[in-house]
Amino acid sequence: SAYEMFGYECSLSTEEVIKVISFKINKLIASICENNEVSQFSAKVELPLNFPGLYKVVADKTPYVSIEEIVRKVSIGPTRIGHPCFYSTRDIKLANLTIKHDEKITFNSVEEVHGTMAVNCVVVRNNQSHSFTLPLSQEGEFYECEDDQIYTLKEIAEWKIPKCRNRIVKLSNTLHMWDSSSPLPENFDGCLILMPVYKVQAIMKSRKDIIHIRSDLDVEVKDVTDCYDSSSFLQPLSLEDIFERTSKEFPMVAEILEGPSGSQKPYNLLSTGKEIVIYQKYQAARVLASEMRSDFSKRHYLIPMSYKGKFKRRPREFPTAYDLEIAKSEKEHLHVVATKAFTSPHKELFSVSVGDQFLVQQCQTSEVLYEGRKKLIDVLACEQILSDSYKKVLLPMYMEGGFVEVIHDKKQYHLSEICKEFHLPFNVKVSVRDLSIEKDVLAATPGLQFEEEITDSYLLISSASSPVESWEIPVYRLNMLVHLLSKDVQTVVPPETRTTVEEVSEEEYYMLRRYENLTLHPPPRPPKKPT
């Protein structure tokens, strides 16, 4: 049977033995959903996995009858996104713990415990975690818990669509402006039923690469698992599989079966058939930064602490007095200029004019007269800078004005110094580019906002044939398959690690921020006017 693979026609011969290694969702068929059912007026639309937007998952109303069914149908993995939550309609009595009905149970991993396959679970009571295991044989009635996270379509396809089930999602954020080419109606903010269309990933004895077969390919197959030695096939491993290996197993040599897409280093070096040395696995710090631009084409970067360039400070903008209180530090006085006028409704508090300059002091309370009654409200104590003196003033914390920071500090900082001495978010511009990077993309940006410091999982690799430099590659953002070779590593000590500034897509940016902050809640807003 002939079929198409990456634009090339391939063929499966009669009696060809293939080993199926996984089923992957290739695309999603979406229908507009009303009352948990397909709308009778809805046409089916095809959505690629990279379709923009962020979505909330609607909890499945169909129960699971055992832990074994959950494990078989639901993706469970090492990161937070792979930790699904369920509740039981009945109490579950264990040796030293009783799980109450309707109590949220988090499924963390599956492993063998005393010869029996079981799930490692956690319940949280009074802010304390209680760990326990549930055997796959445990029966009952288990329902999905409501999920307050938001996900990209790609994440939902990989982690949140159980096998043999559809998934209802609600659009949370479009990320991009709607345009006429979008398959969804303009201003659509409802629910969609997603039906997955799968592809089969398999390996053949005659080829080293992974083959992708459409699930609707018209071909007859026979299961020969029980009468065939499957160990004679290659064993493909993802980067997550490699990361789960023990530290003692490193370093190791691997051949790339399926490389990542991307033209920037080191991704352009990781092509199919190349051999690499994987030296170590570890967690490493990065600073998540965004271009200081007001339009939708803002770019986002992950900057390693090894970045050798230097930065100068750029003024920050603050929309409210409350933001000034958050940004002030003990290291220096925060000096700002008002960009928007504000007339105070209380004679005890200061009215601001455009151009007024202030040194921010501290938050305190002040008594004001409001509708004939005295009230205590939160205020920000500042010093107004006059031509030859300072005047103590109080600004209402709820004041919505506008301020721009005045920078007096001309020092050039390394990234590690900024993280140590200042609170993020923090605005900068590259003043000295990193000369060790062939093309320093940060040097071309007019300004950057360092948003937060994150920790991520990496593998340290180099080319096996010419190990002159090593690279850190992200485990959870790089789609790549390898198989291990029984070759000795020539040198156990990795060569010099090259600095890589990783550009991340807008969807990946939201994913990173969510993992650090649990949910994408907006920052707290200032107190409202007294009522």
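Q: Which residue forms a salt bridge with Lys-487, and how far apart are the closest N and O atoms?
A: Glu-275 is the partner of Lys-487. The closest N and O atoms are 2.9 Å apart. Keep in mind that this is a predicted model.

Q: Where do the two ends sit?
A: Lys-487 is in the loop between strand S32 (481-485) and strand S33 (502-504). Glu-275 is in strand S20 (residues 275-291). The pair links distant parts of the chain, 212 residues apart.

Q: Which residues are linked in a network of salt bridges?
A: Arg-313, Arg-316, Glu-332, Glu-405 and Asp-409 form such a network.

Q: Take Arg-313. Which residue does it form a salt bridge with?
A: Arg-313 pairs with Glu-332, with the closest N and O atoms 2.7 Å apart. Arg-313 lies in strand S22 (residues 310-313) and Glu-332 in the loop between H4 and S24, so the bridge ties together parts 19 residues apart in sequence.

Q: How covered is Arg-313?
A: Arg-313 is buried, with a relative accessible area of 9%. Glu-332, at 29% relative accessibility, counts as partly exposed.

Q: Are Arg-316 and Glu-405 buried or exposed?
A: Both Arg-316 and Glu-405 are buried.

Q: New topic: the largest nonpolar core. Which residues touch the most other members?
A: Leu-324, Val-336, Val-352, Phe-358 and Phe-403 do, in a core of 25 residues.

Q: Which elements each supply at least two residues of this core?
A: There is helix H4 (321-327), and then strands S24 (334-338), S25 (357-370), S26 (373-385) and S27 (390-396).

Q: Why would residues like that gather?
A: In soluble globular proteins, nonpolar side chains tend to be buried together.

Q: What is Phe-403 in contact with, leaving aside its neighbours within four places in sequence?
A: Its contacts include Leu-324, Val-336 and Phe-358. Arg-316 is among them too. That is the arginine that forms a salt bridge with Glu-405.

Q: Switching to strand S31 (residues 470-474). How many of its residues are buried?
A: Five of its five residues are buried. Ser-470, Glu-472 and Pro-474 point one way, while Trp-471 and Ile-473 point the other way.

Q: How does strand S30 (residues 448-463) run relative to S31?
A: S30 and S31 run antiparallel, joined by five bridges. They form a hairpin with six residues between them. Leu-460 stands opposite Glu-472 in S31.

Q: Where is Ser-22?
A: Ser-22 is in strand S3 (residues 18-34). Its relative accessible area is 19%, so it is buried.

Q: Which residue's side chain joins that of Ser-22 in a polar contact?
A: Gln-201, at 2.7 Å. Not counting residues up to four places away in sequence, Ser-22 touches Lys-199, Val-200 and Gln-201.

Q: How about Lys-73, buried or exposed?
A: Lys-73 counts as buried, at 15% relative accessibility. It lies in helix H1 (residues 67-73).

Q: What does the Lys-73 side chain make a polar contact with?
A: The side chain of Glu-69, at 3.0 Å. Leaving aside neighbours within four places in sequence, Lys-73 is in contact with Tyr-64, Pro-162 and Lys-163.

Q: Last bit, the whole chain. How many helices and strands?
A: Six helices and 33 strands. Buried residues make up 43% of the 531 residues.

Notes
Residues numbered from 1 in each chain as written. Predicted model: local features only at pLDDT ≥ 70, side-chain atom pairs only at ≥ 80, totals over all residues. Heavy atoms only, no water. Helix = DSSP H or I, 4+ residues; strand = E, 2+ residues; numbered from the N terminus. Buried < 20%, exposed > 50% of the residue type's maximum accessible area, 1.4 Å probe, protein only. Polar contact = N/O pair within 3.5 Å; in protein donor to acceptor, adjacent residues only side chain to side chain. Contact = heavy atoms within 4.5 Å. Core = buried A, V, L, I, M, F, W, Y, C linked by side-chain atoms within 4.5 Å. Salt bridge = Lys/Arg side-chain N within 4 Å of Asp/Glu carboxyl O. Pairing = 2+ DSSP bridges.
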